[in-house]
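Here are my notes on this model, point by point. Please read them with the structure open.

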Amino acid sequence: MNDTRWLDADEQRAWRRYLRMHAELTTRLARQLQADSDLSLADFEVLVNLTDVPEGRIRVTELAKSLQWEKSRLSHHFSRMEKRGLVVRENCPSDARGAFVVLTPQGRAAIEAAAPGHVETVRTLMFDGLTDEQVDALESIADVVLDRIDRHDDGGLRSA
């Protein structure tokens, strides 16, 4: 491809540092959650999404979209969480094909117990090392990138 817009040295360095930072943060957060609360990072993400909605219940399709997961991945993960009593499945009365994922009292207790250690790890590894201006810059950068992602479907990325 002759029209490849390669990253320059600064962009390449920034991109690789971002990838390493993301991988390191994800690994450390996963370790902390597992050690302190016996939750995986994926468990925590599901539980966070459920605590963010009224009554702790959300359509399976909406949860999959929010997590950016395939329905099959969510289904397998949901089954494991259900066996541990963290969530239950409820049929949707208005749509026989639809279902809800519902937070159980045990699931709520699990995330309430896990959240303080998780947020302390996020604060220690990320935010305690940044100035207010850097936090603002991080938010601004994330907003720009997320807006670009929202505006481009997979087929339109090459023409951006």
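1. Rings of Phe, Tyr and Trp (its six-membered ring) count as a pair if their centres lie within 6.5 Å. The model is a predicted one. By that rule the count comes to one aromatic pair. The partners are Trp-15 and Tyr-18, with 5.6 Å centre to centre and 25° between the planes. Planes under 30 degrees apart count as stacked, so this pair is stacked.

2. Where do Trp-15 and Tyr-18 sit relative to each other in helix α1? They are three residues apart, which means a separation of about one helical turn. Trp-15 has a relative accessible area of 44%. Tyr-18 has 40%. Buried would need under 20% and exposed over 50%, so Trp-15 is partly exposed, and Tyr-18 is partly exposed as well.

3. Next, the packing of helices. Two packed helices are described by the angle between their axes and the distance between the axes. Helix α1 covers residues 9-37, and helix α5 covers residues 105-125. Their axes come within 10 Å and cross at roughly 150°. That makes α1 roughly antiparallel to α5, because angles over 145 degrees are classed that way. The crossing of α1 past α5 is right-handed.

4. Which residues make the contact of α1 with α5? From α1 come Leu-25, Arg-28, Leu-29, Gln-32, Leu-33 and Ser-37. From α5 come Ala-114, Gly-117, His-118, Thr-121, Val-122 and Leu-125. By type, this contact divides into six nonpolar, five polar and one charged residue.

5. Now helix α2, residues 41-51. Is α2 mostly covered or mostly open? Mostly covered: eight of its eleven residues are buried. The buried residues are Leu-41, Ala-42, Asp-43, Phe-44, Val-46, Leu-47, Asn-49 and Leu-50.

6. Helix α2 also meets helix α3, residues 60-67. The axes come within 11 Å and cross at roughly 120°. The two helices are therefore oblique to each other. The crossing of α2 past α3 is right-handed.

7. On the α2 side, this contact uses Glu-45, Val-46 and Asn-49. On the α3 side, Leu-63, Ser-66 and Leu-67 take part. The contact of α2 with α3 divides into three nonpolar, two polar and one charged residue.

How values were computed. Residues numbered from 1 in each chain as written. Predicted model: local features only at pLDDT ≥ 70, side-chain atom pairs only at ≥ 80, totals over all residues. Heavy atoms only, no water. Axes fitted to C-alpha atoms, helices over the stretch in contact; angles between N-to-C directions. Helix = DSSP H or I, 4+ residues; strand = E, 2+ residues; numbered from the N terminus. Parallel < 35°, antiparallel > 145°, perpendicular 65-115°, else oblique. Left-handed = near helix turned anticlockwise from the far one by under 90°. Contact = heavy atoms within 4.5 Å. Nonpolar A, V, L, I, M, F, W, Y, C, P; charged D, E, K, R; others polar. Buried < 20%, exposed > 50% of the residue type's maximum accessible area, 1.4 Å probe, protein only. Phe/Tyr/Trp six-rings, centres within 6.5 Å; stacked < 30°, edge-to-face > 60°.
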